[in-house]
Amino acid sequence: MKTYNITGGPQEASAIILGCMRMPALSACEAVRIISTARELGINYFDHATCYSADGEAETRFGETFAKTGIRREDIYLQSKCGLCFERQEFDWTKENILSSVDDSLRRLKTDYLDVLLLHRPDLLFEPEQVAEAFDILKKSGKVRWFGVSNVSTMQIELLRKYVHQPLIFNQLQFSLEQLQLIDQALYVNNLTTERSVSRDNGTLDYCRLHDIRVQAWSPLQHGMFKGCFVDDPAFPELNKALQEVADRYGISKTAIAWILRHPAGIQPIAGTMNPEHLRDICDAVKAELTHHEWYQLYLASGKFLP
Ligand SMILES: NC(=O)c1ccc[n+]([C@@H]2O[C@H](COP(=O)([O-])OP(=O)(O)OC[C@H]3O[C@@H](n4cnc5c(N)ncnc54)[C@H](OP(=O)(O)O)[C@@H]3O)[C@@H](O)[C@H]2O)c1
C-alpha cells in the first residue's frame with residue numbers, strides 16, 4: 001500500500017482509507033472480516049462519524065468487533081467526525097456538542113483516543129472561539145491527536161484558523177470521476193458558455209494544497225449523492241469503457257481509484273465498500289501509476305470537454 005506522511009499529522013498513513021459509514025449493515029463476523037481484510041491490504045486508516053446510522057451504530061459495530069481482529073490499536077489511525085446532528089435536524093459545532101460527541105465516539109469505538117477529529121459539515125451558527133476551546137481541551141486531555149474539517153470551504157477554514165491553536169490538517173470533500181466540482185472550475189474559469197465555470201467552493205483544493213491540508217475524497221465511486229456505484233453501471237458506458245482500457249493495460253480491476261490517486265495533491269480516497277473482494281480490487285489501484293494522458297482520457301470519458 002502506498003502511504004503518506006501528513007504534514008504535522010499521521011505518518012505512513014495509507015493512501016486508501018476504509019470508510020465505515022456502511023458498517024451498520026454488517027454482522028459482527030462480517031465486520032471483523034472487512035476490518036481484517038483492510039489491514040491485510042495495507043489500510044491503516046479508518047473513517048467514522050457520529051452520524052453514521054442512528055446512535056452512531058457504525059462506531060459501535062467497529063468498537064464491538066475491532067478487538068476480535070487481533071490488530072493493535074496503535075497500528076491504526078482512527079478518525080471520526082462530529083457536528084452533524086440529523087436526529088435534532090441541525091448542525092452543531094458548539095463546544096458542548098464537540099466535547100460530548102468525542103466522548104460518545106470514544107465509548108462506542110472502545111478506545112481512549114481518536115487519532116483525528118474532523119468537524120463535519122459547517123454549523124451555520126458556528127463560533128470559532130467555541131471550537132478553539134473544545135479543541136484545546138481535547139488536545140490537552142489526549143482524547144484527540146490531530147484535527148481537521150470536512151466539506152468546509154476556504155473562508156470558513158480561514159475563520160477557524162484565526163482562533164484554533166492546532167493546525168487543521170485534513171479537509172474531507174466529495175470527489176469522484178462523476179462528482180468533479182472540486183476541480184472543474186479551474187479548467188473553465190471565466191467561461192460564460194458553461195455552468196462548470198461557476199466557483200462552488202472558492203478554490204478549496206488549491207487552498208488546501210497551499211496550506212498543507214490533506215484532502216480526503218468521500219464516495220469516490222458514487223454518482224450523484226449516494227445514487228450508486230458508477231463502475232459497471234450501464235448508464236455510464238463511455239466512462240466504463242475507458243476504465244476497462246486502463247484496467248486491462250495495468251492488469252488491475254476496473255475501479256476509478258487509480259485516477260484519484262494520480263492527482264498530485266495526494267488525495268486519500270475513502271473506500272466505502274464492505275465487500276472484501278471489492279476492497280481487494282480497489283486496493284489494486286495502487287499498482288497503477290496513470291500517465292498524464294490516461295488521467296485526461298478518464299476525465300474526458302466522464303462527460304467533460306476541454307474548453
Ligand atoms: N464527509 C462526508 O460528508 C462524507 C459523506 C459520505 C461518505 N463519507 C465517507 O466516505 C466513505 C465512502 O463513502 P461511500 O460508501 O459512499 O463510497 P464509495 O466507495 O464511493 O461507495 C461504496 C458503495 O459502492 C459499492 N461498490 C463499491 N465497489 C463496487 C463494485 N465494484 N461494484 C458494485 N458496487 C460497488 C459498495 O457496495 P459493496 O459494499 O457491495 O461493495 C458500496 O455500496 C464513507 O464510508 C464515509 O466514511 C463522508
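1. (Ala, Val, Leu, Ile, Met, Phe, Trp, Tyr, Cys and Pro count as nonpolar, Asp, Glu, Lys and Arg as charged, and the others, Gly among them, as polar.) The lining is made up of Leu 243, Val 246, Ala 247, Ile 252, Ser 253, Thr 255, Ala 256, Ala 258, Trp 259, Leu 290 and Leu 298. The volume is about 50 Å³. For the terms: on a 1 Å grid over the protein atoms alone, a cavity is a set of points where a 1.4 Å probe fits but cannot get out, a pocket is an open set with protein on both sides within 12 Å along at least five of seven lines, and lining residues have an atom within 4 Å of a point. Points are joined across faces, edges and corners, and a volume is the space filled by probe spheres set on them. Helices (H or I, at least four residues) and strands (E, at least two) are DSSP runs, numbered from the N terminus.

2. A word on what you're looking at. This is a predicted model, where local features need pLDDT of at least 70 and side-chain atom pairs count only at pLDDT 80 or more, while totals for chains, interfaces and linings use all residues. Residues are numbered from 1 along each chain as its sequence is written, and side-chain values use heavy atoms, with hydrogens and water left out.

3. Now the open spaces. The largest pocket has a volume of about 710 Å³. Its lining takes in 35 residues, with Met 21, Arg 22, Ser 219, Gln 222 and Gly 272 nearest the centre. Both β12 (268–271) and α10 (276–283) put in at least two residues, and α10 gives the most, with 3. By class, the lining of this pocket has 17 nonpolar, 12 polar and 6 charged residues.

4. The second largest pocket holds about 430 Å³ of space. Here 19 residues form the lining, and Ile 183, Ala 186, Leu 205, His 263 and Trp 295 lie nearest the centre. At least two residues each come from α6 (181–188), α7 (204–210) and α11 (292–301); α6 has the largest share, at 6 residues. The lining of this second pocket divides into 9 nonpolar, 6 polar and 4 charged.

5. Have a look at strand β11 (residues 214–218). Since 5 of its 5 residues are buried, β11 is largely enclosed by the rest of the structure. (Buried means under 20% relative accessible area, exposed over 50%, partly exposed in between, with a 1.4 Å probe and protein chains only.) In a regular strand the side chains alternate between the two faces of the sheet. Both faces of β11 are covered, with Arg 214, Gln 216 and Trp 218 on one side and Val 215 and Ala 217 on the other.

6. What about the neighbours of β11? β10 and β11 pair in the parallel sense over 5 bridges, with Asn 171 partnered by Val 215. β11 and β12 also run parallel, joined by 2 bridges, and Ala 217 stands opposite Pro 269. Strands pair if DSSP finds at least two bridges between them.

7. On to the rings. The whole structure has 15 aromatic pairs. One of them, Tyr 45 with Phe 170, is edge-to-face, 6.0 Å centre to centre and 70° between the planes. That pair links distant parts of the chain, 125 residues apart: Tyr 45 is in strand β4 (residues 45–47), Phe 170 in strand β10 (residues 168–174). Both residues are buried. Ring pairs also link Phe 175, Trp 259, Trp 295, Tyr 296 and Tyr 299 into a cluster. The rule: rings of Phe, Tyr and Trp (its six-membered ring) pair if their centres lie within 6.5 Å, with planes under 30 degrees apart counted as stacked, over 60 as edge-to-face and the rest as tilted.

8. Two arginines sit over tyrosine rings: Arg 73 lies over the face of Tyr 113, 3.9 Å from the ring centre, and the charged end of Arg 214 is over the ring of Tyr 4, 4.5 Å from its centre. This needs NZ of Lys or CZ of Arg within 6 Å of the ring centre and within 35 degrees of the ring normal.

9. Most residues other than glycine have a negative phi. Ser 53, though, has a positive phi of about 75°; Ser 53 is in the loop between β4 and α2 (57–69). Lys 110 has a positive phi of about 55°, in the loop between α3 (95–109) and β8 (114–119). Lys 110 counts as exposed because its relative accessibility is 60%, whereas Ser 53, at 33%, counts as partly exposed.
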